[in-house]
Structure formats: structure tokens, C-alpha cells
Amino acid sequence: MRKKGFLNLKLILIVLVIVILVIGAVFYIKNNLHEQELQSLSTTMLQIQAKAKVINERNKVNNTSDYIGKEISEEDLKKLNIEDNGKIRLLEKGDLEELEVTEIKQEKDFVINYETEEVYYLDGYKTDDNNIVYSLTDISNLVVKKKKKNEREGRRKIKRTKENR
């Protein structure tokens, strides 16, 4: 009888350890995917910004004002908290293909202000503290913060490992 109780306790402990490991793995994978999504969004927006710079330079040389994209709605302007200067365009999937922006994983459209060359993601990106950021500037700042945080955590782990030796 005592052996059966001991085996049941062993089995419970093993299952508990497995559950803890699975939960830890899920959180790690979720954080990694979240970080990769942010990096992908930032890269896409940087590509759009680079293409906008090329278009601006071409317009200066040719003395034209040909911009890719459609007029943006008042609703979207309010959402992004920007004012229309006549050079703000909504970039849909077809426009992004025309700009030769590759590997677009985002579902929503982008907005470009050709005057300031600022890029916005209409869907926005939800931060860890539940704020929503739309501009490339804000999203790039998030990428930098996350990298610094990961570097600090990595240094702490290395320090703890060295201390444990």
C-alpha cells in the first residue's frame, strides 16, 4: 500500500513539472512571436519610408508632385491624430506592390506623409502597457526598448551563471 501512494505522489510531481515547463515554453514562444511581429512591422515601415524618400527626390528633380496612394479619409486622419497637408496618402496592398515593398505580413493599410516622410500603420501596434502606437517613430522606439531590455536580461542571466560557478 505504501508503494502505491509513493508512486502516485511521484506521478503527480512529474505531471506538475511537465505542466510548469509547458507554461514556461508557451510564454517564451508568445513573447518571441510578439517581438518578431514588431520587428517585421518596423522593417516594412522602413521600406515604405525609403521608397517615399525616392519618390520625393524624383518629384524635386522633375518638378512634379506625383505620389503613390489614395487620398486619406477624415476618419483615418483623426485616428492617427494628424492634419492633412495634401501630401498624405493611404497605401493599400496594390500601392505597396507598386512601391516594391516586399514581405508584407500586416493585414491593414499603411499611411505615408510624403512631406515629413513619416509612415503610419492604420491598425496600430498594441504595446505591453495597452497603448496603441501608429507611427514608425513610435514603433522604432519600441523595437529599441525591447532590444535593450533583452540585452539587460541576457547580461543578468550571464552574471547569475558566473556567480553560480
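Before anything else I noted how patches are built: they take residues with over 30% relative accessible area and no salt bridge, joining like charges within 9 Å and nonpolar side chains (Val, Leu, Ile, Met, Phe, Trp, Tyr) within 5 Å. A salt bridge here is a side-chain nitrogen of Lys or Arg within 4 Å of a carboxyl oxygen of Asp or Glu. Accessible areas come from the Shrake-Rupley method with a 1.4 Å probe, and for residues only the protein chains shown count as cover.

I'm working on a predicted model, where local features need pLDDT of at least 70, side-chain atom pairs count only at pLDDT 80 or more, and totals for chains, interfaces and linings use all residues. Residues are numbered from 1 along each chain as its sequence is written, and side-chain values use heavy atoms, leaving out hydrogens and water.

**Patch.** I found L11, V15, V19, I23 and F27 making a nonpolar surface patch of about 460 Å². L11 sits in helix α1, residues 2-62. Helices (H or I, at least four residues) and strands (E, at least two) are DSSP runs, numbered from the N terminus.

**Sheet.** I traced an open sheet of 5 strands, ordered β1-β2-β3-β4-β5 with antiparallel pairing; two strands pair if DSSP finds at least two bridges between them. Its edges are β1 (70-71) and β5, each pairing on one side only. Between β2 (residues 88-91) and β3 I get 4 bridges, antiparallel, with L91 partnered by F110 in β3. Strands β4 (residues 118-126) and β5 (residues 132-135) are antiparallel too, joined by 3 bridges; Y125 has V133 as its bridge partner in β5. These two form a hairpin with 5 residues between them, and N130 in the turn shows a positive phi of about 65°.

**Cores.** A nonpolar core is a set of buried Ala, Val, Leu, Ile, Met, Phe, Trp, Tyr and Cys residues joined through side-chain atoms within 4.5 Å. Buried means under 20% relative accessible area, exposed over 50%, partly exposed in between (1.4 Å probe, protein chains only). The largest core has 24 residues, and M45, I48, L91, F110 and Y114 touch the most other members. Two or more residues come from each of α1, β3 (110-113), β4 and α4 (136-164), with α1 giving the most, 6 residues. I then checked I48: beyond four places in sequence, L91, L96, V101, F110, I112 and V119 touch I48, contact meaning heavy atoms within 4.5 Å.

**N56.** Buried or exposed, I asked of N56? N56 is buried, at a relative accessible area of 10%. N56 lies in α1 and, leaving aside neighbours within four places in sequence, contacts Y67, Y114 and E117.
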